[in-house]
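This briefing goes through one structure by topic. Please look over the sequence and the coordinates before reading the points.

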Amino acid sequence: MDVAAILSILEGTIRLSTPLLLACLAGLFSERAGVFDIGLEGKMLIAAFFSAAVAALAGSAWVGLAAGVAAALVLAVIHGLASITFRGNQLIAGVAINFLAAGLTVLVAENWFRLGGRTPSLSGEARFQGLTLPLTETLAGVPLLGPFWGTVISGHALLAYLAFLAVPATWWILYRTRFGLRLRAVGENPAAVDTAGISVVALRYAAVMICGLLCGLAGVYLATALSAGFVKDMSGGRGFIALAALIFAKWRPWSAMGATLLFGFLQSVATRFPRLDLGIVVVPAQFIDALPYLLTVVILAGFVGKAIPPRAGGTAYVKEHG
Amino acid sequence: MQPLPKWADATLVPLLSILIAFAISGVVILAIGKDPVEATKVMVTGALGSTYGWGYTLYYATSFTFTGLAVAVAFHAGLFNIGGEGQATLGGLGVALVLLHMAWPHWSLALLAAMAGAMAFGAAWALLPAWLQARRGSHIVITTIMFNFIAAALLNYILVNVLRPTGQMDPATARFAADLALPKLHEMLGWLGIPFARRTPANLGLVVALAAAVLVWGLLWHTRLGFQLRAFGKSEPAARYAGISPVRVTLYAMLISGALAGLMAVNTVMGEQQRLVMNAAGGAGFIGIAVALMGRSHPLGVVLAALLFGFLYQGGAEMAIWMQIPRELIVVIQALVILFTGALDNMVRMPVAWAFRLLRGGR
């Protein structure tokens with residue numbers, strides 16, 4: 001394997017980690033506030049479709065972004081209604097949202113474009129293009145660092161940089177702001193938050209909406225930056241890999257970045273080498289596909305430290321009667 | 001506040017939920033520029049208007065009964081098994097291995113063996129998530145989701161690299177011996193002198209599914225294990241206090257659930273496809289969730305809900321052919337049914353309870 005191959009795998013890692021990272025942070029906000037969300041996949045998918053569809057019609061990636069995020073937010077409101085307002089089962093609500101997105105995207109795509117459940121290919125302004133970071137030219141001559149900066153770090157879409165900036169931002173919000181403290185508290189002990197005179201419902205809705213926003217960005221990135229348009233079921237289980245990464249990271253922002261980079265790396269390797277020959281054994285592609293899920297099961301089995309979810313996760317808060 | 005009468009809770013609330021789900025589906029059909037009344041007509045004629053339509057409707061309903069019962073048994077123990085899809089996939093593998101690698105003198109013996117294989121493999125795929133939940137406290141929803149993906153990758157690997165006959169292009173096993181085919185519904189009805197369309201996939205699996213529903217009913221309400229399961233599902237601390245072992249109940253509930261999901265392969269892999277293909281479960285594992293929710297986890301309700309989804313599936317296929325409405329409409333209806341009967345249950349129940357209170361108060 002030469003340097004160019006390694007650089008291309010690392011570049012692919014960043015590209016493929018981005019949607020995972022955005023979705024993982026989305027789940028982090030929601031679950032830290034005590035609302036389980038297995039509907040990350042669905043919100044991502046619906047955002048992918050509406051961003052690609054509207055970008056194709058309007059000819060602008062930015063209008064597409066607004067539409068995609070709006071669609072994800074609508075599903076987030078449904079999740080909030082079901083799991084916060086009407087105290088329904090959060091997991092079942094997530095399942096419903098995934099199917100709703102899977103069905104609606106194809107239905108609307110067929111109705112709008114008649115292309116067998118896809119959108120037209122995006123090009124030019126309708127797509128988020130890669131940005132060339134400063135210093136690329138300056139560093140081009142420097143051995144190793146030059147190609148590394150030019151290939152791996154530079155050249156991604158704006159949303160990719162936004163995703164990685166969202167990691168310190170999430171950390172700061174969670175651990176350095178009043179809102180973050182309350183958000184974490186409402187996921188551990190909502191009764192205490194309520195006693196302090198803070199609305200549990202409002203906090204949880206805020207978390208669910210932030211989750212919708214980030215899932216929306218993940219979907220927009222998928223359809224308008226990573227690919228050039230929407231195809232049926234294009235999220236392809238990424239919402240669940242993000243969920244796996246969230247457990248892997250034990251619900252912490254920096255670890256979430258580590259976990260999604262690892263899973264993005266695995267996807268990047270699997271894309272480049274369908275059959276990975278390690279000399280002694282040939283690793284089948286299916287094994288690499290399944291690796292994120294296998295690793296999560298191993299983590300859950302407690303062999304690599306225990307993953308303890310937020311204590312009030314999955315249960316609706318019922319106010320005591322005075 | 002007085003609770004709802006039992007009959008209203010069991011029938012009125014789910015019926016209202018389905019009505020809302022269907023009403024919204026009608027709006028969706030309108031929104032894509034089609035006529036919902038026309039669509040309903042096409043669905044009813046296509047799925048129920050001929051014995052041919054019924055053959056497909058019953059075939060789908062058979063699969064959904066198995067996966068619905070699987071989800072329902074786990075629900076009774078307070079467990080949400082999203083892994084039906086993976087367990088059914090593994091069940092298919094069990095059926096294929098039994099039928100490919102042993103010589104069977106008669107289909108009836110092969111059926112018993114295939115059932116055993118399907119149940120063993122399905123249950124085995126549910127065992128590890130169950131054990132992790134019972135012993136390690138890891139959430140069964142997460143582990144069963146992960147196991148669905150692992151099952152898909154495993155089946156993919158096995159079909160491509162192990163069970164595919166040499167020289168065959170598509171990733172699938174060889175065909176099973178022709179004399180091991182299960183009797184089709186038209187043959188069975190023919191023995192009774194009832195005419196039925198010949199070219200439908202409905203088969204003896206239907207009888208197995210109905211028997212499974214009766215057995216699940218007996219298990220849940222007439223055995224010690226069933227009582228323990230339901231007690232554990234209602235209140236874990238109370239069950240613990242009564243000396244019921246949480247580990248034992250969790251393991252048994254998930255093993256039975258996995259076995260039921262696996263049994264679906266008898267209907268599809270042995271009864272229809274006659275070989276194991278990629279994506280053999282085809283989403284039926286997930287429809288089981290909708291079926292169990294709508295059927296209120298009661299075996300009778302599950303059978304009726306499975307029939308409804310069988311109708312939707314076959315009707316949806318007809319609608320796709322005759323009205324150019326994509327089949328994905330069925331996925332939307334499925335999502336709405338799950339949403340309203342499962343997650344927004346309280347939204348439907350609150351006004352009903354309010355109406356009942358008003359009626360009582362008026363006297």
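The points below cover the interface, the salt bridges, the cysteines and some backbone details.

The model is predicted. Chain A and chain B together bury about 3,600 Å², with 81% of that area on carbon and sulfur atoms. Over all chains, the salt-bridge count is nine, and the disulfide count is zero.

**Interface between chain A and chain B**

- The contact is made by 41 residues of chain A and 42 residues of chain B.
- On the chain B side, the residues that lose the most area to chain A are Arg136(B), Met146(B) and Phe149(B), which together account for 16% of what that side buries.
- One salt bridge is found across this interface. It pairs Lys232(A) with Glu328(B), and the closest N and O atoms are 3.0 Å apart.
- Four residue pairs are in polar contact between chain B and chain A, counting pairs with both residues at pLDDT 80 or more.
- Six helices of chain B each supply at least two residues of the side that touches chain A: H1 (6-31), H5 (107-136), H6 (140-163), H12 (284-294), H14 (328-343) and H15 (345-362).
- H6(B) gives the largest share of that side, with 13 residues.
- By class, the side of chain B that touches chain A consists of 32 nonpolar, eight polar and two charged residues.

**Salt bridges that join separate parts of chain B**

- Asp170(B) and Arg275(B) form a salt bridge, with 3.4 Å between the closest N and O atoms.
- Arg275(B) is in the loop between H11 and H12 of chain B, and Asp170(B) is in the loop between H6 and helix H7 (185-191), so this pair ties together parts that are 105 residues apart in sequence.
- Asp170(B) is partly exposed, at 34% relative accessibility.
- Lys184(B) and Glu272(B) also form a salt bridge, and their closest N and O atoms are 3.4 Å apart.
- Glu272(B) belongs to helix H11 of chain B while Lys184(B) sits in the loop between H6 and H7, so the pair ties together parts that are 88 residues apart in sequence.
- Glu272(B) counts as partly exposed at 34% relative accessibility, whereas Lys184(B) counts as buried at 18%.

- Asp345(B) and Arg349(B) meet in a salt bridge, with an N to O distance of 2.6 Å.
- Both residues of this pair lie in helix H15 of chain B, four residues apart, which is about one turn of the helix.
- Asp345(B) is buried, with a relative accessible area of 13%, and Arg349(B) is partly exposed at 21%.
- Arg296(B) is linked with Asp345(B) and Arg349(B) in a network of salt bridges.

**Positive phi values in chain B**

- Arg296(B) has a positive phi, near 50 degrees, and is a residue other than glycine.
- Arg296(B) is placed in the loop between H12 and helix H13 (299-323) of chain B, and is partly exposed with a relative accessible area of 27%.
- Gln274(B), which is not a glycine either, has a positive phi of about 65 degrees.
- The location of Gln274(B) is the loop between helix H11 (246-273) and H12 of chain B, where Gln274(B) is buried with a relative accessible area of 12%.

**Cysteines of chain A**

- Cys211(A) is buried, with a relative accessible area of 0%.
- For Cys24(A), the closest cysteine sulfur is also in Cys215(A), at 10 Å, which is too far for a bond.
- Cys24(A) is buried, with a relative accessible area of 1%.

**Ala70(A)**

- Ala70(A) is in helix H3 (residues 61-85) of chain A, and is partly exposed with a relative accessible area of 38%.
- Between Ala70(A) and Val35(A) the separation is 35 residues in sequence and 20 Å in space, C-alpha to C-alpha.

Methods
Residues are numbered from 1 along each chain as its sequence is written. Chains are lettered from A and ligands numbered from 1 in the order in which they are written. This is a predicted model: local features need pLDDT of at least 70, side-chain atom pairs count only at pLDDT 80 or more; totals for chains, interfaces and linings use all residues. Side-chain values use heavy atoms; hydrogens and water are left out. Contact means heavy atoms within 4.5 Å. Buried area is the accessible area (1.4 Å probe) that two parts lose on being put together, summed over both. A salt bridge is a side-chain nitrogen of Lys or Arg within 4 Å of a carboxyl oxygen of Asp or Glu. A polar contact is a pair of N or O atoms within 3.5 Å; within protein, one must be able to donate a hydrogen and the other to accept it, and residues adjacent in sequence count only if both atoms are side-chain atoms. Ala, Val, Leu, Ile, Met, Phe, Trp, Tyr, Cys and Pro count as nonpolar, Asp, Glu, Lys and Arg as charged, and the others, Gly among them, as polar. Buried means under 20% relative accessible area, exposed over 50%, partly exposed in between (1.4 Å probe, protein chains only). A disulfide is a pair of cysteine sulfur atoms within 2.5 Å.
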